[in-house]
Amino acid sequence: MSTSSSSPSPSPRRTAYISRNTNETKIQVSLSLDGGPLDLLPADGSHFVNDGLRPPQNQNAKTHASQITFSQQIWIWTGIGFLDHMLHAWAKHAGWSLRIRCSGDLEIDDHHTTEDTFLALGTAFTTALGPRSGIARFGHAYAPLDEALSRAVIDISSRPFFVGNFDFKSPMMGTLNTQMVHHGLGSWAQNAGVTLHVDVIKGDNDHHRAESAFKALAVACKMACQKVVGKEGEISSTKGVL
């Protein structure tokens, strides 16, 4: 008597789409925590029409923060080049697929665009993650970039809290105010519902310090979001809830 067995079907990817509109910014975020393909961000008939020759309207245009591979699709345009670069590194090393575009009041400064982008990404993260069951919950990582070294520790706790130490030497990195790295990550932690500590341990160059911090955060996020075989549906908390 012969028997047959079939391998279990893969679990669905954890994805989310967020549109966040205020008087200061218009933002679209599409996120897959498990990588893979993403649809183009939709036209909204007003701010994003998808018929331009250049980003953010033309999402097929290759930009400084776009990278399409078999396992990941990343396309980011906020109008702040250095912010795009950090978000690109975060998505790449976390294993995410991520599309972001923002139309913000950069004629004022970079504050609203940066803050609202991190808020929208935090909302997309917690939406994609879902009920927070069956995951590792905790993640930690070190990441170097030449002389710079950073550490990130995350707890997907539903207890938003952020502590960051960066000690940047200059007020600006490109057109991004260095203060906005701390404020942006704090905004992300708030909407993502995580406890997050990010520390730049050493480094002389501000670009290296920032990039090593985002890479450490990426690897910590990847660890914390991992599904734990045999723990499906279980909440990793003595309280029984997160």
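These questions and answers cover salt bridges in a predicted model.

Colleague: How many salt bridges does a search of the whole structure find?

Modeller: Side chains of opposite charge can pair when their charged atoms come close. The search covers the whole structure, and its count of salt bridges is 6.

Colleague: Which residue forms a salt bridge with Arg20?

Modeller: The closest N and O atoms of this pair are 3.2 Å apart. That is within the 4 Å cut-off, so the pair counts as a salt bridge. Arg20 sits in strand β1 and its partner in helix α2, 96 residues apart. The partner is Asp116.

Colleague: Is Asp116 buried or exposed?

Modeller: Its relative accessibility is 4%. Buried means under 20%. Arg20, at 24%, counts as partly exposed. Asp116, therefore, counts as buried.

Colleague: Which strand holds the salt-bridge partner of Arg151?

Modeller: Arg151 forms a salt bridge with Asp199, with the closest N and O atoms 3.4 Å apart. The pair links distant parts of the chain, 48 residues apart. Arg151 lies in strand β7, residues 148–155. Asp199 lies in strand β11.

Colleague: What relative accessibility makes Asp199 count as buried?

Modeller: Arg151 has a relative accessible area of 29% and is partly exposed. Buried means under 20%. Asp199 counts as buried because its relative accessibility is 14%.

Colleague: What is the N to O distance between Lys231 and Glu234?

Modeller: Lys231 is partly exposed, at 42% relative accessible area. Glu234 is also partly exposed, at 39%. Their side chains meet in a salt bridge, with an N to O distance of 3.8 Å.

Definitions and conventions:
Residues are numbered from 1 along each chain as its sequence is written. This is a predicted model: local features need pLDDT of at least 70, side-chain atom pairs count only at pLDDT 80 or more; totals for chains, interfaces and linings use all residues. Side-chain values use heavy atoms; hydrogens and water are left out. Helices (H or I, at least four residues) and strands (E, at least two) are DSSP runs, numbered from the N terminus. Buried means under 20% relative accessible area, exposed over 50%, partly exposed in between (1.4 Å probe, protein chains only).
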